[in-house]
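Subject: Structure for you to look through

Hello,

Here is the structure I said I would pass on. Please open it first, then read my notes below alongside it.

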Amino acid sequence: MAGVEAKIMQNPPPKKSPKSPLAAQICLRLLGAAASLSAALVTITSKQTVILYGVQIDAQYTYSSAFTFFAIANLVACVFSVVSLFAAGILARNCKDSNKYFFMFLHDLAVTTLLMAACAAATAIGVVGKFGNSHVGWMAICNDFGRFCDRIIIALTLSSLAFLVHLLLTVISANKSRGIHV
């Protein structure tokens, strides 16, 4: 038994810098804000006009309630990410109570859920736009509106990245708040 204790004392655990978790939180929150803002801007600026059978037809995000929700949800997620930057900084410097981290967990969970819902709604409409649905007579439009569909795919990819970043932030904040005794 004394040999085990001696080995433990020889190899003490590495000390964690108090700034490294804060730096990781800041980087992840900035990445999430940038990805969701980029997704919203790409969606909002997506517009294409084509002439089919002598008729001019437009495609833009406002024609679909799912794409409108997607753009607005990504803007809200961006704003919430920026606001949470300040909260994370204040909590890291001034708070040792894990109860306060629980509110950050709830915030991160709400943003993650919002992004997941937005990605799901836009993906569902995007799949119908790409492949159509022969059972109900919906035709695929991406053959005619290729540039619009490509921009929506880019926006979905960016929003999915923001979702994954916020999911990771949710796990991190859940880990920090796990010391709560209810």
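A search of the whole structure turns up one salt bridge, a term that means a side-chain nitrogen of Lys or Arg within 4 Å of a carboxyl oxygen of Asp or Glu. The partners are D108 and R29, whose side chains meet at 2.9 Å, N to O. D108 sits in helix α4 and R29 in helix α2, so the pair, 79 residues apart, links distant parts of the chain. Side chains of opposite charge can pair when their charged atoms come close. D108 and R29 are both buried, where buried means under 20% relative accessible area, exposed means over 50%, and partly exposed is in between (1.4 Å probe, protein chains only).

Before you go further: this is a predicted model, in which local features need pLDDT of at least 70 and side-chain atom pairs count only at pLDDT 80 or more, while totals for chains, interfaces and linings use all residues. Residues are numbered from 1 along each chain as its sequence is written, and side-chain values use heavy atoms, with hydrogens and water left out.

R29 has another partner, S84. The two side chains make a polar contact at 3.0 Å; such a contact is a pair of N or O atoms within 3.5 Å, and within protein one must be able to donate a hydrogen and the other to accept it, with residues adjacent in sequence counting only if both atoms are side-chain atoms. The S84 side chain also reaches the backbone oxygen of S81, at 2.8 Å. S84 belongs to helix α3, residues 65–94. Is S84 buried or exposed? With a relative accessible area of 2%, S84 is buried. Setting aside neighbours within four places in sequence, S84 is in contact (heavy atoms within 4.5 Å) with R29, M104 and H107.

As for the overall layout, the protein has five helices and two strands, in the order α-α-β-β-α-α-α from the N terminus. These are DSSP runs numbered from the N terminus: helices are H or I with at least four residues, strands are E with at least two. Of its 182 residues, 34% count as buried. Among contacts with a separation of 6 or more, 78% come from residues 24 or more positions apart.

Next, the nonpolar cores, meaning sets of buried Ala, Val, Leu, Ile, Met, Phe, Trp, Tyr and Cys residues joined through side-chain atoms within 4.5 Å. The largest has 19 residues, and those touching the most other members are F67, F70, A122, F145, F148, I152 and L156. Helices α2 (19–44), α3, α4 (98–131) and α5 (146–176) each supply at least two of its residues, and α5 gives the most, with five. Apart from this core lies another, of six residues, including A35, V111, L115 and A162.

V76 is in helix α3 and is partly exposed, at 31% relative accessibility.

Regards
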